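Me: I have a structure to go through with you before our meeting. Could you take me through it step by step?

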Amino acid sequence: MNFQTSRTRAEGYQLVAGYLGIAAMLIGCVILLPLLFLIAYPEETPYAVDFIAPGAASVTIGYLLYFFIRGKTRARLRGHQDSVAIISAWILAILVSSLPFMLTGRYGFAQAVFEATSGFTATGLSIVDVEKCPRIFLAFRSIMLFCGGVGFVLVMTSILSDRGGMRLYTAGEHGDRRGPPLLKSAKTILALYAGYAVSGTLLYLVFGMGWFDALNHSMAAVATGGFSTRAGGIGFYDSFPIEIVTMVLMALGSTSYLVHLLLVKGKFGAWMRHGETKFSLVLVALTTPLIGVLLAGGIASSLPEAFRTALFQVVSALTTTGLRTTRDFASWPSSSISILIVLTLIGGGAGSMAGGIKQTRVVIVLKSIVWDLRDKFNHKRIIGDDTIHHFGLKDAVTDRDKFQAGLFVIVYLAIFALGTLAYSLYGYSLRDSAFEFAAALGSVGFSAGISGPSAPAGALWIGIAGMFLGRFEIYVVFMGFARIVKVAADALRGR
Amino acid sequence: MKHTHGLIAMHAAETFGILLLSTLVAFLIRSLNLRVENILIIYVLSILVIVIETKSYGWGVVASLFCTFAFNYFFTEPFRTFVINDPSYFVSLGIFLIAAFIVSTLTSRLQSQIAISARNEEMTDKLYKVSNGYLNILERDEIIAYGERSVTTLLGKPCRIFYGEASAMADPEAAACYRNGLASLRDERLPPGLKKRFVPIVNKNVITGVLRIDCSAGDVAKDEWLYLETILSQFVLAMEREELRQAEELHRINMEKERLKNNLLRSISHDLRTPLTAIAGGSEFLLERVDNIDGETMKSLLTDIHSDAVWLGTMVENLLNMARIQEGKLLIKKQGEVLDDIIGEALSRVAKNLGEHRLSCAPSDGIFLVPMDGQLIIQVLINLLNNAIEHTRPDCRIAVRADRRQGYVDLSVSDDGGGIEAEMMDHLFESFGSSGKKASESRKGAGLGLSICKAIILAHGGSIVGGNNAEGGATFSFSLPIEEEESHG
């Protein structure tokens, strides 16, 4: 029996509101960060207003919301309330971040929301003309990418670590929903990726990029987002070393956070044996030559150049980044585009900043097919050992894992089909629709040309939907929305 | 509040961040061409927030100064300069400082209220748990142990309870407290160097015990005294309850004893009356017919009178022994007796009761002395033999044997009669344990025999057992130590 305690408990939707308050304060700070760049570019001060207003408002409102849970003991979020919290936080981030764009008067609502969504889902599709865009806004986009990516990794490894059959935790944390304390993880994750970004910036500087471009590209590459400060993307620099640095950063960004922990501890062997590592290497090794061959004689003049272009685009697609070295994709042969679409759909590592179906799931599905065939051919009495190498351990794959992985693949592909259909309803070609939606869904910045300054609002909304669904692995979005709808319906009915 | 470097750094960061934000908003307001007074309001707000977050007036002062300067520098003409002799400057500074002061005072009061409230809650909860615990505890020692635990949990200091005079006197310091009622009372400070506090445990103005608290980690806090006294009174109540319970238990036992005694008297008088009636009747008959009765009849009557008298004698002997045993005053005078003589004496005394039973006696190997109280051991043998005679068929064999082994001599009485019934086995040596079926035959000594045997044998330092044997009858055997030991009272 508990007496009435003076420290009341915050639970249920009060708790969600409180957390949203904290999120709002963080978002406000993120929006105010670009103001730092005014030190370097004081001529852009007139734009400061566009950032201060939404930023300060967000911080203030967040602070007020925080009073809901201030000083109270916090209960756990039950059921799918955590999905609601996460989805709401991201929606809030997107909406508030679209305000600076809208306040300039140059962008409409759909466009601003599109850009913000692209930023916080670490995609990189853009409606902005980068040559004419003020630096402060370019910086803001890169900051959105970085924060969106880091936030996402944090959420995936701390809160949603056991959803969707991903099992994003080390063996020690098995079964513990919370895993390591949230704040401690946040610091580690932030430090890790910030470290990568800083190193990337320095390397870019060494190879001749200007400091502003270096910083922005570095943040983008690590976050596997495709916002570039140049219209030609990385191709603008035409420098192979820069491309290599970029590819390394992209690979780091799309490697699972838990694998990073292994690397930091020096367990290279485990990293090599990790299922996803092997899989990516195989894919890259297979597709690069293939595309290279297909490109040669077309847009690429020589074989080495074709391979170089192929390699960069392949890595960019597989890591779901979207930085490019090629002018545009309209001139690419459909064969290569198809391969890129497949890579985009497959995506990066689970628990990383990348999108897509995630390699672990694809590995499980492919291996399941192999195991199934093997079981069919083997004597009935022989039982196979269904395991995959996962985070340095040999992990057994249960039937449930196989089922969930398979189901997810089906759902993902179904939505891919729907999105492609939606785009095609606007009159775009099948190739363009498929490429664009695969990119949106997989949070890759490759555009077939549909998403741009002149895109119709409807097409942009399709893109927004794709990016949002893809980022949160679909289920979380559905669960979150379902809960919200239920709560609203209950409220309306007066319960 | 602990002022660690980390805390100061954090507060500095918070203050700086909030001031930066409000300055930015101030710029925003100016660029939107709103009235400049709004900026002052924004600054007041930020000072309030800073004081709330840092919970310290100091940072509020810092913030007030900053806001005043910033406002002067950025937002009043001429811009970007300090103009110090403007009186409104002092007014705003004054207002900022007052606002900061009010908020910080309120906040700190609120904080301490919350802290007090939380503490009260915690204590109340502990008290509740403690009193709940007492409901389920019996036994004096357990209550004392629980009391110690509860005080220890409450205060966080190790404690010891000395309950009762004996316990309190055993510890010299506690004894002082117990005797004088002198204790470091709640208003007295503990003299330096003294690490322990002694608190008297009082019930109805009588000191019943002493509580010792180990104060080496710190004295009992002022607000803890009330809780301590509450717990002590709970303890006292629990002990009192226990004492009353035990007194009641004792009462009950005494009443039970009374009842048993009355039962005993009743059955004894019944048993005494029967042989006495026979003796009176027989002797009266003889007196009347002394002149013309024939020798055979006279002999038979006299024999009956004799055996009844002997029987009575045995019975009274048993009763006396039982009374002595119950009062704890059974004295045995051990001296070395010849075992064969003892056995022989017992046999001769029961000879007349034998009837058709066949008695055999296995001779012991050699003559040896055994230290014992002869009369009592004879009594034991007589009781065992009488039991064998009465509880078996009339023509059964009864065997007596004596064996010697290392340090002990074993005697046994066996028969091949019916044996002991299963339900009697556990109650053989209890008082009044005779088999219920033969209650009508009142020549049983009211079932005292075996319990007396047991008491006598135990008093000798030996042991006695009874059970069924292979011949289908019962065997009772007892052993006596041969070495001299201290005599048992």
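Predicted model: local features only at pLDDT ≥ 70, side-chain atom pairs only at ≥ 80, totals over all residues.

Me: How many helices and strands does chain A have?

Reply: Chain A has 18 helices and four strands. Both are DSSP runs numbered from the N terminus, helices being H or I of at least four residues and strands E of at least two.

Me: And chain B?

Reply: Chain B has twelve helices and ten strands.

Me: What about accessible surface?

Reply: Chain A has about 20,900 Å², 68% of it belonging to carbon and sulfur atoms. Chain B exposes about 27,900 Å², with 59% supplied by carbon and sulfur. These areas come from the Shrake-Rupley method with a 1.4 Å probe; for residues, only the protein chains shown count as cover.

Me: Now the helices. At what angle do helix 2 of chain A and helix 1 of chain B cross?

Reply: The axes of helix 2 (residues 48-66) of chain A and helix 1 (residues 5-31) of chain B cross at roughly 130° and come within 10 Å. Axes are lines fitted to C-alpha atoms, for helices over the stretch in contact, and angles run from 0 to 180 degrees between N-to-C directions.

Me: Which term describes that arrangement?

Reply: Helix 2 of chain A and helix 1 of chain B are therefore oblique to each other. Angles under 35 degrees count as roughly parallel, over 145 as roughly antiparallel, 65 to 115 as roughly perpendicular and the rest as oblique.

Me: Which residues meet there?

Reply: From helix 2 of chain A, A:Val49, A:Ile52, A:Ala53, A:Ala56 and A:Val59 meet B:Leu21, B:Leu24, B:Val25, B:Leu28 and B:Ser31 of helix 1 of chain B. By class, this contact has nine nonpolar, one polar and no charged residues. Ala, Val, Leu, Ile, Met, Phe, Trp, Tyr, Cys and Pro count as nonpolar, Asp, Glu, Lys and Arg as charged, and the others, Gly among them, as polar.

Me: And helices 12 and 13 of chain A?

Reply: The axes of helix 12 (residues 303-318) and helix 13 (residues 334-346) of chain A come within 7 Å and cross at roughly 35°. The contact involves A:Gln313, A:Val314, A:Ala317 and A:Leu318 of helix 12 with A:Leu340, A:Leu343, A:Thr344 and A:Ile346 of helix 13. Contact means heavy atoms within 4.5 Å.

Me: Changing topic: is B:Ser64 buried or exposed?

Reply: B:Ser64 counts as buried, at 0% relative accessibility, and is found in helix 3 (residues 57-75) of chain B. Leaving aside neighbours within four places in sequence, B:Ser64 is in contact with B:Ile47, B:Leu93, B:Phe96, B:Leu97 and B:Ala100.

Me: Where is B:Leu272?

Reply: B:Leu272 is in helix 8 (residues 224-289) of chain B and is partly exposed, with a relative accessible area of 24%.

Notes:
Residues numbered from 1 in each chain as written. Chains lettered and ligands numbered in written order. Heavy atoms only, no water. Buried < 20%, exposed > 50% of the residue type's maximum accessible area, 1.4 Å probe, protein only.
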